[in-house]
Amino acid sequence: MDMQRIAANLFGAWFQIGKQFPKYALDAIAASVAAGETTHRGELRVAVESRLPFAAVTDGVTARDRAAELFAHLRVWDTEDNCGVLLYVLLAEHRIEIVADRGIARKVAAAEWEAITAHMRDEFAKGHFREAVLTGVNEAGALLARHFPADGTPRTNELPDQPLLL
């Protein structure tokens, strides 16, 4: 049993999620998601979770496992072009995971996603929560625009642009 993970999820500063992501920050992130989606055919969803439940931690659920679970639960996989991307942040453990649907995963290397998470971690380390997520959204949008550029065809916004706080 990983006592460090248990302590982070029980006693970390997870309870400050509302302070770290006030309404103006969430609105800025949503606007950035929406703007990015005009340049590519992808669908980006942002989820920020304060902590994992005690039982999940003791059962060995990792941030990657939770991101995959949310990817399915939020139906990020259920886009017309298999072009959904989940940007997941687990605040208690300082973990960032990006899960891409199969249409995107075929073309985008894992190293490209890891570079984005590294830039986000740099911003989080400075205490810049909004900027960290905006960095992720903007860099993921640029990556999607490079691999899946908008083709001029009118598109339906298939996933909410507003970040989900859990």
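Student: Why is Arg 75 called partly exposed?
Tutor: Arg 75 has a relative accessible area of 43%, and since buried means under 20%, exposed means over 50% and partly exposed is what lies in between (1.4 Å probe, protein chains only), Arg 75 is therefore partly exposed. Before we go on, note that this is a predicted model, in which local features need pLDDT of at least 70 and side-chain atom pairs count only at pLDDT 80 or more, while totals for chains, interfaces and linings use all residues. Residues are numbered from 1 along each chain as its sequence is written, and side-chain values use heavy atoms, with hydrogens and water left out.

Student: What makes the phi of Arg 75 worth a remark?
Tutor: Most residues other than glycine have a negative phi. Arg 75 is not a glycine, yet its phi is positive, at about 60°, and its place is in the loop between helix 5 (63–73) and strand 2. Asn 82 lies in the loop between helix 5 and strand 2, and it has a positive phi of about 50° although it is not a glycine. Helices here are DSSP runs of H or I with at least four residues, strands are runs of E with at least two, and both are numbered from the N terminus.

Student: How do you know whether Gly 103 is buried or exposed?
Tutor: The relative accessibility of Gly 103 is 11%, so Gly 103 counts as buried. Gly 103 lies in helix 6 (residues 102–105), and, not counting residues up to four places away in sequence, it touches Asn 82 and Phe 148, where contact means heavy atoms within 4.5 Å. Ala 105 lies in helix 6 as well, but with a relative accessible area of 45% Ala 105 is partly exposed.

Student: Why is helix 7 called roughly antiparallel to helix 8?
Tutor: Helix 7 (residues 110–125) and helix 8 (residues 129–147) pack at an angle of about 160°, with their axes 8 Å apart. Axes are lines fitted to C-alpha atoms, for helices over the stretch in contact, and angles run from 0 to 180 degrees between N-to-C directions. Angles under 35 degrees count as roughly parallel, over 145 as roughly antiparallel, 65 to 115 as roughly perpendicular and the rest as oblique, so helix 7 is roughly antiparallel to helix 8. The residues of this contact divide into 11 nonpolar, four polar and five charged, where Ala, Val, Leu, Ile, Met, Phe, Trp, Tyr, Cys and Pro count as nonpolar, Asp, Glu, Lys and Arg as charged, and the others, Gly among them, as polar.

Student: What makes helix 3 and helix 8 roughly parallel?
Tutor: The axes of helix 3 and helix 8 come within 9 Å and cross at roughly 10°, and helix 3 and helix 8 are therefore roughly parallel to each other. Among the residues that make the contact are Tyr 24 and Ile 29 of helix 3 and Val 133 and Leu 134 of helix 8.

Student: What makes a set of residues a nonpolar core?
Tutor: A nonpolar core is a set of buried Ala, Val, Leu, Ile, Met, Phe, Trp, Tyr and Cys residues joined through side-chain atoms within 4.5 Å. The largest nonpolar core has 30 residues, and those with the most contacts inside it are Phe 21, Ile 104, Trp 113 and Phe 124. The largest share of this core, seven residues, comes from helix 8.
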